[in-house]
Amino acid sequence: MKGAWLVVAAGGVAALQVGKLPPALPALQAELGITLVQSGFLLSMVQLAGLTLAVFMGMLADGMGLKRSMVRGLLLLTLASAAGGLATSVTALLLLRAIEGLGFLLVALPAPALIRRLVPPQQLAGMLGLWGAYMPTGTALALLAGPLFIPAWGWSAWWWLFAVVSVGMAGWVWHAIPVDPDVPQQAAAGGLERLRRTLGARGPWLVALTFGMYSGQWLAVVGFLPSIYAAAGLTGGLLGVLTALAAAVNMGGNMVSGRLLQRGWAPRSNLWLGFGAMALGSTLAFAAFTEGWPWLRYAGVLLFSGLGGLVPGTLFSLAVRLAPGEQQVAATVGWVQQLSALGQFIGPPSAAALAARAGGWQLTPLFTLGCCAGGAVLAVLAQRQLAAQSRHV
């Protein structure tokens, strides 16, 4: 059981690497002259590996061993973060963020299967629910600490700090997690057949596209909060607390989604509630008519992120239920991760380009409302697909 907690902690360290950039954006813009749109690409570049390779990386992690995959991913994060602290150009930072994205996948994709190996069956659901909160937890910690650390020691030291944390976690996982068991080498055709069945089914596409509608807007809003609030004059501890809380409340939505599903809520209802809250929250947070009400705007951000957390928690459950078969669950989760990364790759630059054209963030709701509408339609289709599969069981 201790090993499973360590796996969750390793996921949190990988999430820290994703979350370390937003609080550093004001310093990077000041020191390297990074533009708003370049900042958006820096936020999304960490998703490049997930955007292109996630569905294949899940099968690769099985081949190399789950523990080995996590350790190698943490070491790759170490090297990229250490080199990032020496970067003097936007191009170098973009390349290293892409490498960090590859390390992140090597850590995150094998984690649920490794947790399943390490815990008794009756405790698996609870630990997987805890795993579901690893991303907002790591992001929140980075957003909280960044505004306190970076003004004192600089953004380069901030990168090196996470290199030290990652290599320490790699060593801990290597020594504390049991050795991967020997498994027979599977034929390549078996893996290709599982992939063909996954991508040829309707359910994985519906879940993955819905996740993309969620993830792109969430990262766009929460990722730019430090820059938005810094431009408004907030600094230091208050900036860190406000942005970290906006990420942390997402954990609650993730955890509540599972309880609602257990009580009989339809997945569509969870998704509609989540996307509806994101639409309303983003409107309150950025629309011109709330400009004189800063705390109402912040309440909108909390609503956006908090109840929005119902969406990913519900979609992880749907990914398992809508996989075309038991042997395609891992590939389905990888495909969901891949289109989630696509959303995160497109979302921040799109929101930044809209803000740059408008001269402010007041048109952001146009982007978020479009994503929410798409997600709501996909939720209906996913519910119908679930009902159709249930009738054939």
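H1 (2-19) and helix H5 (residues 66-84) pack at an angle of about 25°, their axes lying 11 Å apart. Here axes are lines fitted to C-alpha atoms, for helices over the stretch in contact, and angles run from 0 to 180 degrees between N-to-C directions. Helices (H or I, at least four residues) are DSSP runs numbered from the N terminus. H1 and H5 are therefore roughly parallel to each other, a term for angles under 35 degrees. The crossing of H1 past H5 is left-handed, meaning that the near helix is turned anticlockwise from the far one by less than a right angle. On the H1 side the contact (heavy atoms within 4.5 Å) involves Val7, Ala10, Val13, Ala14 and Gln17, which meet Met70, Leu74, Leu77 and Ser81 in H5. By class, this contact of H1 with H5 has 7 nonpolar, 2 polar and no charged residues. In this scheme Ala, Val, Leu, Ile, Met, Phe, Trp, Tyr, Cys and Pro count as nonpolar, Asp, Glu, Lys and Arg as charged, and the others, Gly among them, as polar.

The model is predicted: local features need pLDDT of at least 70, side-chain atom pairs count only at pLDDT 80 or more, and totals for chains, interfaces and linings use all residues. Residues are numbered from 1 along each chain as its sequence is written, and side-chain values use heavy atoms, with hydrogens and water left out.

| Helix pair | Angle | Axis separation |
|---|---|---|
| H14 (residues 267-286) and H16 (residues 310-321) | about 150° | 8 Å |
| H2 (residues 25-32) and H12 (residues 202-231) | about 65° | 8 Å |

H2 is therefore roughly perpendicular to H12 (65 to 115 degrees). Leu25, Pro26 and Gln29 of H2 touch Gly223, Pro226, Ser227 and Ala230 of H12; this contact has 4 nonpolar, 3 polar and no charged residues.

H14 and H16, by their angle, are therefore roughly antiparallel (over 145 degrees), and their crossing is left-handed. Pro267, Asn270, Leu271, Leu273, Gly274 and Phe275 of H14 meet Leu310, Val311, Thr314, Leu315, Leu318 and Arg321 of H16. These residues divide into 8 nonpolar, 3 polar and 1 charged.

There are 4 salt bridges, each defined as a side-chain nitrogen of Lys or Arg within 4 Å of a carboxyl oxygen of Asp or Glu. One of them joins Lys20 and Glu100 at 2.7 Å, N to O. Lys20 is in the loop between H1 and H2, and Glu100 is in helix H6 (residues 90-108), 80 residues apart.

The protein chain averages a pLDDT (the predictor's confidence in each residue, from 0 to 100) of 86, and 93% of the residues score at least 70. Confidence is lowest in helix H8 (residues 121-131), with a mean of 67, and highest in helix H10 (residues 155-176), at 96.

Notes:
Helix = DSSP H or I, 4+ residues; strand = E, 2+ residues; numbered from the N terminus.
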